[in-house]
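Me: I would like to go through this structure with you, one topic at a time. Please keep the answers plain.
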Amino acid sequence: MLELKNFEVWFVTGSQRMYGPEVLKQVADDSRQIAEYINAADNIPCKVVYKPTVTTPEEITKLCVEANSAPNCVGLMTWMHTFSPAKMWIAGLGLLGKPFVHLHTQFNRDIPWDKIDMDFMNLNQSAHGGREFGFICSRLRKNRKVVVGHWKDKEVLAGLEVWMRAACAWQDWQGMKVARFGDNMREVAVTEGDKVEAQKQFGYSVNGYGVGDLVSYIDKVTDSQIKDLFDIYQAEYLIELNDEQLKAVKESARIEAGMRGFLQEGGFKAFTNTFEDLHGILQMPGLPTQRLMAEGYGFGAEGDWKSAALVRAMKVMAAGLEGGTSFMEDYTYHLDPSGPKVLGAHMLEVCCSLAAGKASLQVHPLGIGGKSDPARLVFDVAKGDGVNAAIMDMGNRFRMLVNPCKVVESNGALPKLPVARVVWQPMPDLKTAAAAWILGGGAHHAGFSMCLTKEHLEDFAEMAGIECLVIDENLTISEFKKEIRTNEIYYMLANSLK
Ligand SMILES: [Mn+2]
């Protein structure tokens, strides 16, 4: 299971020497108190580490360089208690290679109207100190999040939490290895892309492996490994199988153990495969993929490495939260005007973290791929808020599309569709959302989550420095088209602005 507590966010307070030791001592005490409070808050997923106040360009540069090379540090939380002349930050921010959030807060929540004097004003200057810092960040074209409000405010803590989760996922991508079993599904466009550019921009590498390399792991799986997995299946799922189906489930367990062995040994965090290239694998890996996703692996079908990486990032962002996260595909529509819906599924591979109640382990023929009947977990997904996201390679940039949705009940029991499935209504409505998704060049694959919101993905896209188009309740098609056209110009010019 994924755990974010080993990740650190460094709490950095900016100031200057002019104030003298007494004021700086007070600044340090207040900063430590805020850092400790945020660190201890229930919703905060990683460690908040207090750092001594920085007061000179040298201290700032040293801290930024240290943050770059600290493997557990996912980014900085900066706060200007007082006024920190921002030319001091140019060198450090220029070198900083990690995300940062500007916490625009002040120690006191309220103005002490009866007691306030100039000493108080000089100590509590965030209102203009934060603006000076904000200017230099904007002048340097630094992407960052700005969170405004008192540090005990629940909305402030929620905004910080979302940013931290995104920063953990971003750190997780740096140096991440994605394994591709076989190549792409032939002739499919959106799953292709520039892997060199992705590595440069996102930090992860994607490499291909012969399916035979995986098969050699599957062939080495022992009967006792299969039995151990089958015991887990019996404890976790509803199982009613005849002898032949039982054999298929055991074969599926062999495939699962082989895949896990390959991924663990190679240190991979995400993988793809394609049903067009499964030579030597007797079944399409349905159950194994569903279970590996539930463990935290990213997955993309049909060679879709961008979705595999995105699903992994969404898994990291979602660590410890209620609800599931999965690879997903808009499969078919219910276009009844009284309640239009999308039926989301895949051939088999929907992560069982989404299951409402116990999933059912079943074996059925699959009308595609020409393999023997594969094992899969079948389940429905409970009602609630969800979000779909996809990343496409647009040729000169990567684009993320984000579309919140409401997961709703299906209109029937779907007795002849034995796969995991989700039914949702996209925001703002199916017609507008689908038109916008298509105009935005959105993929037919997505990462889907019921524990993340659009804000997680927006923060993540900001860190990655990629275009992010949000399809939500505020969208109109004419404005969306304008946004796409404006962005075409922006991304062509953006690099020359830096
Ligand atoms: Mn697909």
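Me: Is Glu-329 buried or exposed?
Reply: This is a predicted model. In it Glu-329 is buried, because its relative accessible area is 10%, under the 20% limit.

Me: Where do Glu-329 and His-346 lie?
Reply: Glu-329 is part of strand β11, while His-346 sits in the loop between β12 (341–345) and β13 (360–363), so this pair ties together parts 17 residues apart in sequence. His-346 is buried, with a relative accessible area of 2%.

Me: Changing topic, where is Gly-323?
Reply: Gly-323 is in the loop that runs between α12 (305–317) and β11 (325–334). Its relative accessible area is 44%, so Gly-323 is partly exposed.

Me: What is Gly-323 in contact with, leaving aside neighbours within four places in sequence?
Reply: With those neighbours set aside, Gly-323 is in contact with Ser-353 and Cys-451.

Me: Now the helices: at what angle do α10 and α11 cross?
Reply: The axes of α10 (residues 243–266) and α11 (residues 287–295) cross at roughly 40 degrees and come within 8 Å. The two helices are therefore oblique to each other, and their crossing is right-handed.

Me: Which residues meet there?
Reply: From α10 they include Ile-255, Met-259 and Leu-263, and from α11 they include Leu-287, Pro-288 and Leu-292. The residues of this contact divide into 6 nonpolar, 2 polar and 4 charged.

Definitions and conventions. Residues are numbered from 1 along each chain as its sequence is written. This is a predicted model: local features need pLDDT of at least 70, side-chain atom pairs count only at pLDDT 80 or more; totals for chains, interfaces and linings use all residues. Side-chain values use heavy atoms; hydrogens and water are left out. Axes are lines fitted to C-alpha atoms, for helices over the stretch in contact, and angles run from 0 to 180 degrees between N-to-C directions. Helices (H or I, at least four residues) and strands (E, at least two) are DSSP runs, numbered from the N terminus. Angles under 35 degrees count as roughly parallel, over 145 as roughly antiparallel, 65 to 115 as roughly perpendicular and the rest as oblique. A crossing is left-handed if the near helix is turned anticlockwise from the far one by less than a right angle, and right-handed if clockwise. Contact means heavy atoms within 4.5 Å. Ala, Val, Leu, Ile, Met, Phe, Trp, Tyr, Cys and Pro count as nonpolar, Asp, Glu, Lys and Arg as charged, and the others, Gly among them, as polar. Buried means under 20% relative accessible area, exposed over 50%, partly exposed in between (1.4 Å probe, protein chains only).
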